[in-house]
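The following note was prepared for a colleague who wishes to review the model point by point. Please read it alongside the sequence and coordinates shown here.

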Amino acid sequence: MEWKATVRETLFQMLTAEEKSYMEECEKAIADNYSSSFVRIFSSLSRKLNNSKDKLVSMVQSDDNPLIVENWTVLRLARVYLLGLIEDQQEPYFTFIEKLFNYADMQRACSLVFGFEYLSISKDLG
């Protein structure tokens, strides 16, 4: 099982039915055309998901899941998961991710940093 499937399963266990439905819409929008939908999704996620600090996520690292998750909020896990769904050629992908860093607030930037190792482009830079 790929890391994204493991993260999705863990994430969806922590969401309400309404939040799951919203995340499924996000997955579809990102798959259809991430460049026109991702910024809106990434920015509004804090208003769509329960951002309670009482609900923290930890996941054990494994061969299937190299992601190190220790006491993350559901929001951070959701953002990293959605970042992992972006797929494109190197040049437009890199430009897009760079723009996300340029305009991210502190919480969004943290999600970008935590997820960077698992983004498709990091394999090409490493």
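**Salt bridges, buried segments and confidence**

1. With a relative accessible area of 42%, Glu24 is partly exposed, since the value falls between the 20% and 50% cut-offs. The model under review is a predicted one. Glu24 forms a salt bridge with Arg8, with an N to O distance of 3.9 Å. Glu24 belongs to helix α2 and Arg8 to helix α1, so this pair ties together parts that lie 16 residues apart in sequence. Arg8 is itself partly exposed, at 28% relative accessibility.

2. Arg8 has a further partner in Glu27, and the N to O distance in that salt bridge is 2.6 Å. This pair likewise links distant parts of the chain, with Glu27 in helix α2 and Arg8 in helix α1, 19 residues apart. Glu27 counts as buried because its relative accessibility is 15%, under the 20% cut-off. Through shared partners, the salt bridges join Arg8, Glu24 and Glu27 into one network. In general terms, side chains of opposite charge can pair when their charged atoms come close.

3. The count of salt bridges comes to four. One of them pairs Glu87 with Lys4, where the closest N and O atoms are 3.7 Å apart. Glu87 sits in the loop between α3 and α4 (90–103), while Lys4 is in helix α1, and the two are 83 residues apart.

4. Trp3 is buried, its relative accessible area being 9%. Although Trp3 and Leu67 are 64 residues apart along the chain, their C-alpha atoms are separated by 7.3 Å.

5. Ser44 is located in helix α2, which covers residues 17–48. Its side chain makes a polar contact with the side chain of Tyr22 at 3.3 Å. Ser44 counts as buried, with a relative accessibility of 9%.

6. Beyond its neighbours within four places in sequence, Arg79 is in contact with Phe42, Ser43, Leu45, Ser46, Gln107, Arg108 and Ser111.

7. The strands form an antiparallel pair: three bridges join β1 to strand β2 (residues 69–73). Met59 has Val69 as its bridge partner in β2. Which residues of strand β1 (residues 56–59) make up its covered face, and which its uncovered one? Val57 and Met59 form the covered face, and Leu56 and Ser58 the uncovered one. As a general point, the side chains of a regular strand alternate between the two faces of the sheet.

8. The largest nonpolar core holds 35 residues, and Leu11, Met23, Phe38, Leu77, Leu82 and Ile86 touch the most other members. The elements that give two or more residues to this core are α1, α2, β1, β2, α3 and α4. The most is given by α2, with nine residues.

9. The mean pLDDT of the protein chain is 81, with 84% of its residues at 70 or more. Among the elements, α2 has the highest mean pLDDT (93) and helix α6 (residues 120–125) the lowest (47). The pLDDT is below 50 over residues 121–126, a stretch that has ten contacts in the model beyond near neighbours in sequence. Where pLDDT is low, the predicted coordinates should not be read in detail.

Note on methods:
Residues are numbered from 1 along each chain as its sequence is written. This is a predicted model: local features need pLDDT of at least 70, side-chain atom pairs count only at pLDDT 80 or more; totals for chains, interfaces and linings use all residues. Side-chain values use heavy atoms; hydrogens and water are left out. Helices (H or I, at least four residues) and strands (E, at least two) are DSSP runs, numbered from the N terminus. Buried means under 20% relative accessible area, exposed over 50%, partly exposed in between (1.4 Å probe, protein chains only). A polar contact is a pair of N or O atoms within 3.5 Å; within protein, one must be able to donate a hydrogen and the other to accept it, and residues adjacent in sequence count only if both atoms are side-chain atoms. pLDDT is the predictor's confidence in each residue, from 0 to 100. Contact means heavy atoms within 4.5 Å. A salt bridge is a side-chain nitrogen of Lys or Arg within 4 Å of a carboxyl oxygen of Asp or Glu. Two strands pair if DSSP finds at least two bridges between them. A nonpolar core is a set of buried Ala, Val, Leu, Ile, Met, Phe, Trp, Tyr and Cys residues joined through side-chain atoms within 4.5 Å.
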